[in-house]
Amino acid sequence: MAQPLTLGEIGGLPARALANLALDRAGAWHSDADVHLRAWPWPYRAGLALSNDCDSQSVDCLRNWHSFVNGKGATTYGDGLGLEVGDSFWVYGNGVEPALWKGNPFDAANADGYALGAIVALAQAGFLDTLHSFGNWTARLMPADRVGDPTLFARESILRGLDRLDALGLKPSVYVNHSGSPSNVGGPWGSYQRADNPAERLYALDALRAFGLRFYWPDACTDIEKFGNELRFDSTAELKRSIEQFAWEPWLRRKDTDGIPIAIDLPDDQAEIEAMFAAWHNRAIFPVRGGDGTLIHAFKRYRGIDQPVGSIFSSQVTEAKLARLEAQGGAVVIYQHFGVFGPRGRAPTISRHHRARSPIPALDRNSVATWQLIAERHQSGALFVATQGRLLDWIWRRSSLRLSVERTPTRWVVTLAGFACPVEGERPVEDRDLNGLALVIPADAPEVVVVRLGRTGVLPMHRAADGANHVVHMPWQPLEWFDVF
Amino acid sequence: MTTVQDLLFRAGLGRRPLDISELSPAGNAAQDVALRAYPFPFRAMLAICDDSRGTDPAVFEATRAAFGYRGLEIGACTSFAEDDPCAVGSARAGALKAAGLLDGLVGLPCGGADEAAAQLAAAGLIPPVFAGGASVAEAAPLTAAGIRFFTDDGLSGRTKFGDALSFRHTGELRRKFAQFDFGQFGFAGAEGATDLRAVFEAIAPTAQRAFLLNLFDAPLFTLLPTTDENTVFKRFSGPQRPSLSTLSLQLRSQFLTQLETLGGAVIIQQRLGDEALIGLGPSRERRRPAGLDALGLHEALALDDLAERAGDRILVAATARVLGWLELRRRAVLTIEKQPDRWRVEVAVPLSLEREGLALTVRSDAPPVDVTVAGTANPLAMARQPDPASPGRDCLYLEWSKRLWPSL
């Protein structure tokens, strides 16, 4: 690592480091090959996922709005929109939130969480694909007689939770920090977070990774102004302005052990620094080192300038922002709490007196219209909407897939060799990786067939015109909502 | 988000880096005596400029009552349709004029500015502000009828809240300027709007930088440097055409706190008589007249928040009064004569500007200060107190009186 910088020194660094950033390294999906993965499943041009933290959201509340957004039947909000929108849950829960166990690990006993059957069914189906950390498992809730007990936050509690997930057949792939939870992951911004800090008894990042949790949201990875990532810029001038406008400050600092803000550590290598800042500016997922030094995928969420509660959803996701996202071919993960009502635009000191947990109806008329707008754009073939785990997996796939093309005058054979990335290593292409597979090919290419390395048989691809090119693709199969309640 | 207009305009700035000395908010604490940025004891200023055309009179009164109940001053704009709540010639317009709250005109009649001037004259109204509904260029002849400040939808800003901000140093200014987007003004396809790009391209290259800095941080300025008669002002609309539904987002706590901290001024564009779905464009927002039940929790809490700040931090006043103050601040010239035991300050301001709330900031160790208005002999009866906004300095001031909404 390079010599530590002061906050003043590091502030201007991103603009300098990225002064000569080329457009093809600026984050938008790009390939120079004439056969390459399409940016999005055909025919979509941009992607959106909801990242809904489960705080204060009862299962009834979850059902109330998901039935409209995900379902297809009649609801009090109107006809269901049939969107693939996921949600999150806890392992340990003390309140109304969906959780596998009632209570914290330091409670005397942990009964099954209420509505466990529904939670398991939705998680097995892939809709609950996100652990919002291990729960609201904070020191302020600890029993008075155990204050200071070092075993209160222990790896064993996380391992027990992972065993429970395994036993129930649940495989969430996304890990989102919850407000102040010690089971959070800090990455390069780590301070209070313990799950990736090997000096802590709660350290368990190795186990989380081994379990299959792939995408991590550390607190710093929050966009306040910039809506979307992987955005395509038309000119270097436009890119430069976006870098100037980007709110870098939260990305460049962390707190030391005394809670004092200090500059983050930087790599020695200038190319690494440039790649890191470029990713923070405009990649939806990117590798970072956890507190234990291992690489993990971090991902960004768009929050906006207000506290992300249900009543501001319509100002978070606007018609103008979606149009821009589609024009720039980007991806956005929306940070929300549909289980919390709060007044629009008020500071926390004011809004906390007017907060409501698990509001039913969960959606106001503005949010209903926003979801209808999203559904319309999805149905028109413009906006790809998927659970955040599947959206992030798609973005990972398109940059990790290795393929080769064997060309004859009458036939091109595309062989999918497998995936390779610095975080997850190498693995072959599996059946689940084929959902929505779409390859851009030249319009004048002869017949194109697609095969998997080491497998027999040709994949059942369809060919269609796609702008100036053609695409061979398999249809995207969305998750189908069902009523488990 | 970067826009084509932003890239184009920035090219007009030239290579010279921006420096804080190029922006000149009032109340320079380094001077022995200076005009205070705002009337005492306030540190920021805000007005809500409401286009009430088409508003149900009952809703109009209900929204005004919501302001008045909280002690918040708000003005009104007259207009030309008979059914409008403050139509030219109506009893309400007359009562508001008497209360000093009829501060604007919005829209033009079919006969344009000339007919507008005639109707205003017949009704005995001289509102100081033209608040859109037609372009500044169309309304410009109303200068002869006494209108002093002009705006239209082309001067509505979508993202930057507040102007005349007191940046602490050049670094802070440059950061804010880097985030600023010159493409934020106006709405796509807006009619009756100044085309800022055309203005920019018509200006001599040597004047473009000043024009751009005005767009960045001046609440009011002269649109074309060649004339002094086109004083225009900017309004903050937010990203969507404003309505009562967007009021709570326009008045975000975060925005208001920043306005206080940086000592800024803002005119908020509103249509309190409309409701619309938030976040959607004109074809989908289902804009409709607001009903009496439209003022809900979000709006009430936003006004409560504003009212709490309006006690002694943000001066909330009718649009014309805010603009009048900013104009006074822009044009006042101080002449200072120092004797060991007494300082004399002469304030020269154009006759058309009111001096209510006139406030000077002086070093706390300054001797007694007599303040006179140029052309008069008697010192003003100014109070003197330590200035809460500037430790180590005192404030000499005339009282600023709040204007209450009249019972009609």
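User: What makes strand 16 and strand 18 of chain B count as paired?

Analyst: In this predicted model, five bridges join strand 16 (residues 342-348) of chain B to strand 18 of chain B. Pairing needs at least two bridges, so these strands count as paired. They run parallel, and Glu346(B) stands opposite Thr372(B) in strand 18 of chain B.

User: Why are strand 15 and strand 18 of chain B said to stand at the edges?

Analyst: Look at the order of the open sheet, 15-16-18 (chain B), with mixed pairing. Strand 15 (333-339) and strand 18 (369-373) of chain B each have a single partner strand, so one side of each has no neighbour in the sheet. From one strand to the next, the twist averages 15°.

User: Why are helix 10 and helix 11 of chain B called roughly parallel?

Analyst: Their axes come within 10 Å and cross at roughly 15°. Angles under 35 degrees count as roughly parallel, and therefore these two helices of chain B get that name. Helix 10 of chain B passes helix 11 of chain B in a right-handed crossing.

User: Which residues meet where helix 10 and helix 11 of chain B touch?

Analyst: Ser253(B), Leu256(B) and Glu260(B) in helix 10 meet Asp305(B), Leu306(B) and Arg309(B) in helix 11. That contact has two nonpolar residues, one polar and three charged.

User: How many residues of chain B are in contact with chain A?

Analyst: There are 24 in chain B, in contact with 26 residues of chain A. Helix 11 of chain B gives the largest share of chain B's side, five residues. That side divides into 12 nonpolar, eight polar and four charged residues.

How values were computed: Residues are numbered from 1 along each chain as its sequence is written. Chains are lettered from A and ligands numbered from 1 in the order in which they are written. This is a predicted model: local features need pLDDT of at least 70, side-chain atom pairs count only at pLDDT 80 or more; totals for chains, interfaces and linings use all residues. Two residues are in contact if their C-beta atoms, placed from the backbone, lie within 7 Å. Helices (H or I, at least four residues) and strands (E, at least two) are DSSP runs, numbered from the N terminus. Ala, Val, Leu, Ile, Met, Phe, Trp, Tyr, Cys and Pro count as nonpolar, Asp, Glu, Lys and Arg as charged, and the others, Gly among them, as polar. Axes are lines fitted to C-alpha atoms, for helices over the stretch in contact, and angles run from 0 to 180 degrees between N-to-C directions. Angles under 35 degrees count as roughly parallel, over 145 as roughly antiparallel, 65 to 115 as roughly perpendicular and the rest as oblique. A crossing is left-handed if the near helix is turned anticlockwise from the far one by less than a right angle, and right-handed if clockwise.
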